[in-house]
Every structure is written in structure tokens, then in C-alpha cells.
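Please look over the sequence and the structure below. The report that follows takes up strands, helices and ring contacts in turn.

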Amino acid sequence: MKLTVVGDINKYYVQTLCMIFFPGAKFSEKEEPDENMPSVFLSLEEKEEEFIAEAVIRARGREARMTRSAKKGGRSDQRTAKIAAGSAMFAAGKELFGFTPPWGILTGVRPAKVASEYLLNGLGVQKIKEIFRDEYFVNPKKAALAVSIASAEIKLTKKLPKNLCSVYISIPFCPSRCAYCSFVSYTSKRLLSLIDDYLLMLYKDIDHVFSLIRELGMQVATIYIGGGTPTILDDRQLETLLSHIARHTDVSNLMEYTLEAGRPDTITAEKLAIAKKYGINRISVNPQSLCDGVLETIGRKHTALDFLRAFDIAKNSGISRINTDLIAGLPGDSFAEFSKSIDRVIELRPDNLTVHTFCVKKSSDVLKNSSNIYSLTGGEVWKSVDYSQVRTRNSGYKPYYMYRQKNTVGNLENVGYSLEGAEGMYNIFMMEELHTIFAAGAGSVTKLVKYRSPKEGGSKITRIFKPKYPYEYLRDFEKLQAGDAEAGILSMRDKILAFFEENGVPVN
């Protein structure tokens with residue numbers, strides 16, 4: 001689509017606004033739109049007391065033009081400008097398509113973080129709901145959800161020590177690739193043959209990460225081993241990995257130690273016994289659906305019965321917390337089938353249940369195999385997500401973390417639910433960016449955080465990316481072994497130490 005922006009407004013923000021009404025859109029400034037190409041024009045003008053925005057959307061042979069303003073005062077000029085621009089886009093899109101996005105003009109990944117900022121600045125719950133409704137045009141149900149999650153997160157984290165950090169360890173391999181997946185996860189025989197070499201390099205990376213943590217005088221709160229599917233490792237590989245981690249930290253002192261088992265077809269009693277032995281106290285067993293037809297459509301190599309078998313193994317493993325993931329809106333799924341899946345999972349009483357909404361990723365196989373996968377309104381997925389929220393609440397689960405993604409069907413959200421006292425703290429730390437998360441492994445991202453309250457201007461955050469693909473990761477470590485001072489692991493150390501020194505954190 002053609003996008004034209006005039007005025008001092010972040011162009012990426014305008015693109016995210018466009019994607020509310022044009023999911024999957026690709027943008028161009030040069031092409032002249034033909035009769036089939038949609039176009040958006042947005043202008044922003046700053047006046048002494050307000051910002052004025054005009055949005056013109058052309059699509060389907062029709063045009064909608066709307067002008068909106070936002071008064072200055074009570075918020076930053078940048079946020080006021082965004083509200084003006086978003087209001088004009090929202091009004092024009094609603095007029096043209098007859099569709100009211102559930103999250104209004106909130107385009108960010110973390111809507112609960114917006115609510116948290118207001119709460120920490122002293123605003124009451126009702127006032128925040130009104131702001132969500134009147135300024136961001138958020139559906140009242142979604143506004144209540146965001147405020148509820150923000151309140152829960154603040155309660156869970158307000159008394160934590162200031163020197164905490166977490167560690168993420170990446171195992172980017174899977175037994176098969178799901179049709180909806182875009183993670184850096186590898187499945188071919190040639191790439192799976194890299195696992196042993198990958199682990200050798202990962203151990204060095206882990207050594208380096210924990211050495212930095214000790215140097216910085218930090219305390220590890222949570223460790224999360226993710227992927228991919230970490231339980232693709234065989235018994236020997238898994239035990240070696242967990243024993244290596246145990247050399248660096250007393251796992252009995254961790255708030256949480258997670259192994260993302262994920263695929264039911266990789267879970268065995270032997271592997272979970274090893275996990276329990278080395279202090280794992282949280283695992284995920286993720287069917288995504290309990291409809292065999294849907295599982296086949298999305299490329300999962302297990303059945304609903306395989307999931308039930310794996311869940312039973314997990315329940316009997318002695319590991320204290322189990323999470324289960326489901327996805328609403330999967331290709332081939334329906335409200336009837338999704339509601340059966342969530343009903344059956346709730347009967348099993350996992351400690352946590354995460355309900356994702358199907359998100360179309362640019363590099364996923366499902367996009368390559370279909371030209372009609374994007375959906376503005378989401379069809380039955382709204383009904384499925386609403387059902388999940390009512391069903392979990394009535395079954396004793398409370399929402400405790402949430403995030404959103406671009407190109408999610410129906411512009412909906414992903415929500416984690418928990419039984420009382422079983423909340424996943426790593427999820428909260430990730431979503432709310434409360435402390436630094438160090439990362440080891442291919443495709444992982446170290447997120448350096450100097451926490452500051454909203455009144456202090458918000459946290460300062462820097463991200464450092466590891467090589468994306470396993471073969472790049474291995475090549476980087478070959479450089480390190482050859483004494484290359486520019487090797488990623490060495491430059492990463494310098495960047496991390498510089499970040500903390502610049503932000504007033506003493507380095508031992």
C-alpha cells in the first residue's frame with residue numbers, strides 16, 4: 001500500500017496504525033496506487049495548545065477522510081501527537097470498514113505496561129479505564145483486562161530486590177516446523193546434526209554470561225531454557241546442559257527455573273526425571289489444539305492423545321508447575337473445536353494456561369501456502385478469545401501477563417492465566433522489563449535494563465543480539481577461539497559493562 005506522512009510523527013508508528021485495518025500490509029512511498037492498491041495519507045500539525053491530524057484512507061473504491069485533535073497538557077508532546085494521529089486514523093478506518101478494533105489505537109506489544117505507568121503515577125483504576133476508553137478507544141473489556149493484569153504485576157513485583165536479573169538459554173531446534181512458526185528453529189537432519197557442536201559452544205556462552213553476572217554483583221532470579229524445543233535434546237545432552245548450569249548458580253535459590261518442554265512428542269519420563277534432579281520447577285507442555293485435524297494442518301507431529309500422555313508424565317514427574325499453551329484462530333480451527341480444547345485443558349488443572357491468538361508471521365509456511373490468511377475481523381476468533389477469558393475466570397484462573405503482536409488475527413491479544421500463587425515470574429520480567437535478562441545461545445537477545453519509575457522518565461533499555469542462526473553462532477565462536485577480538489561474545493561483554501557503568505551501576 002502507499003503511505004504518505006506529513007509532519008513530525010514517527011513513520012513506524014503510523015505504519016502500525018495502518019496495520020490495524022490492513023493486516024499484513026507492505027508499504028511504499030514511491031508507487032502510484034492503482035484502483036486495487038489501498039493508500040493512506042496522514043498529516044500532523046502542531047499548534048500552540050494542540051496537535052491536529054488529518055487521515056485519508058482509500059480502499060475498495062471508497063475514501064474516508066477524518067480530522068482529529070488532541071490538547072496538550074498532562075502528558076508528553078510526543079504522546080499527545082500520537083493520540084491525535086491515532087484518533088484520525090481510527091475514525092477514518094472505522095468509517096471505511098465498519099470495524100472497531102478491540103484495542104483501539106494502542107499498537108504496542110505491552111498494553112498492560114501503559115496501565116502500569118498510570119497506576120504507578122497514582123491514578124485510580126476507574127480513571128485509567130476511562131483514559132483507555134476515551135483517548136485510546138479501547139474496548140471496555142480489554143481496558144479492564146489491561147488494568148487487572150497491571151495491578152497483578154505490580155503486586156507480584158513491588159517488594160523484589162533491586163539487583164535481580166534473569167537468564168535465557170536458547171535451544172533453537174525442533175523435531176518439526178509448525179506451519180505458523182517463524183522462530184529460528186531447525187529441523188533438517190543436517191542442521192539437527194549440529195546439536196552436539198552447538199551445545200559445546202553454548203556451554204562457553206553460559207560460562208561467559210554467569211561470569212558477567214558475578215562481575216556485576218547481580219543475583220539470578222529466574223532461568224528460562226527455551227527454543228525451539230529444548231526437550232529435543234536426548235537424555236545425555238539434557239543432563240550435561242543442566243549440570244553445566246548448576247555449576248554456576250545454586251538452583252535451589254532461584255525463584256523459578258523453567259524448561260520449555262513444549263512438544264508432547266519430545267517428552268519422556270526419563271527426561272523429566274533429569275529435569276527434576278537438577279532443580280527445574282516449571283515446564284510447558286503445549287498442544288496448541290486438542291483437535292487432531294487442526295494439529296495435522298499446522299504441521300504438529302503429535303496427536304491429542306500424545307499430549308494427554310505427556311501431560312500425565314509431567315504431573316507425575318514431581319515438577320511443581322506446569323504450563324499449557326493453546327492458540328485461538330489456528331487455520332482449520334473453529335469456535336466449537338477451540339472451546340472443546342480449552343474445556344479439556346482446564347479439566348486437567350495445569351498451574352498456568354496461556355491462550356495465544358494466531359499471529360501471521362512473514363516467514364511462516366502457512367503464509368507461503370495461502371494468499372488469504374490475513375483477517376481484519378478474525379471471524380470466530382473473537383468468540384474463542386472471549387470464551388477463554390470467561391472460562392478461565394470461572395475456573396479459578398486469573399490473568400497475570402499479556403502481550404500483543406503485529407498481524408494477529410482480529411487484532412487480539414495473548415494472555416497468561418494462573419492459579420493463585422503459580423504465576424510465571426519470568427514472563428512478567430520479560431513483558432514489563434523490570435530487570436536485565438542475559439541471554440545465551442543462537443537467536444537470543446540480552447536485554448539490559450536500568451529500571452526507572454514512570455515519574456523518573458521510565459527505564460533505559462539496550463538490546464544485544466546474538467548471531468541468529470546456529471551455524472552463524474558456531475562461526476562466531478570459531479573466531480573467538482582463534483583470538484579474534486571482534487568476536488561477538490567479547491564485544492558483548494564490553495557493551496554490557498559500559499551500559500552498567502554509564503547508568504550508575506558499580507562493576508565489581
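Thr4 has Phe41, in E2, as its bridge partner. The model here is a predicted one. E1 and strand E2 (residues 39-46) run parallel and are joined by five bridges. Both belong to an open sheet of four strands, ordered E1-E2-E3-E4. Its pairing is mixed. Strand E1 (2-6) and strand E4 (62-71) are the edges. Each has a single partner strand, so one side of each lacks a neighbour in the sheet. From one strand to the next, the twist averages 10°.

Which helices pack on this sheet? Helix H1 (residues 11-21) does, touching E1 and E2. The direction of H1 makes about 135° with that of E1. H2 packs on the sheet as well, touching E2, strand E3 (50-59) and E4. The direction of H2 makes about 150° with that of E4.

## A buried strand

How many residues of strand E5 (residues 164-171) are buried? Eight of the eight are, so the strand is largely enclosed by the rest of the structure. Both faces of E5 are covered. On one side sit Leu164, Ser166, Tyr168 and Ser170, all buried. On the other sit Cys165, Val167, Ile169 and Ile171, also all buried.

E5 has strand partners too. Eight bridges join E5 to strand E6 (residues 219-227), and the two run parallel. In E6, Tyr224 stands opposite Tyr168. Four bridges join E5 to strand E13 (residues 437-440), again in parallel. There, Ala440 stands opposite Ile169.

## Aromatic pairs

Rings count as a pair when their centres lie within 6.5 Å. By this rule the model has 16 aromatic pairs. One of them joins Phe99 and Trp382.

What does the pair tie together? Phe99 lies in the loop between helix H2 (77-97) and helix H3 (111-120), while Trp382 lies in helix H14 (residues 381-394). The pair therefore ties together parts that are 283 residues apart in sequence. Phe99 is buried, with a relative accessible area of 6%. Trp382 is partly exposed, at 26%. Both rings also belong to a cluster: ring pairs link Phe21, Phe22, Phe97, Phe99 and Trp382.

Is the pair of Tyr401 and Tyr403 stacked or edge-to-face? The ring centres of Tyr401 and Tyr403 are 6.3 Å apart and the planes are at 20°, so the pair is stacked. The cut-off for stacking is under 30 degrees. Tyr401 is buried, at 7% relative accessibility. Tyr403 is buried too, with a relative accessible area of 16%. For both residues, the value falls under 20%, the limit for buried.

Lysines meet rings as well. Lys72 lies over the face of Phe51, 5.1 Å from the ring centre. Lys82 has its charged end over the ring of Tyr13, 5.0 Å from the centre.

Asn121 lies in the loop between H3 and helix H4 (125-134). Is Asn121 buried or partly exposed? Its relative accessibility is 35%, so Asn121 counts as partly exposed.

Which residues does Asn121 touch, leaving aside neighbours within four places in sequence? Asn121 is in contact with Pro454 and Lys455. Ser453 is 332 residues from Asn121 in sequence. In space, the two are 8.8 Å apart, C-alpha to C-alpha.

## The chain as a whole

The chain holds 17 helices and 15 strands. Of its 508 residues, 55% count as buried. The accessible surface of the chain comes to about 22,200 Å². Carbon and sulfur atoms account for 49% of that surface.

Definitions and conventions. Residues numbered from 1 in each chain as written. Predicted model: local features only at pLDDT ≥ 70, side-chain atom pairs only at ≥ 80, totals over all residues. Heavy atoms only, no water. Phe/Tyr/Trp six-rings, centres within 6.5 Å; stacked < 30°, edge-to-face > 60°. Buried < 20%, exposed > 50% of the residue type's maximum accessible area, 1.4 Å probe, protein only. Lys NZ or Arg CZ within 6 Å of the ring centre and 35° of its normal. Areas by Shrake-Rupley, 256 points an atom, 1.4 Å probe, with all protein chains shown as cover. Pairing = 2+ DSSP bridges. Axes fitted to C-alpha atoms, helices over the stretch in contact; angles between N-to-C directions. Contact = heavy atoms within 4.5 Å.
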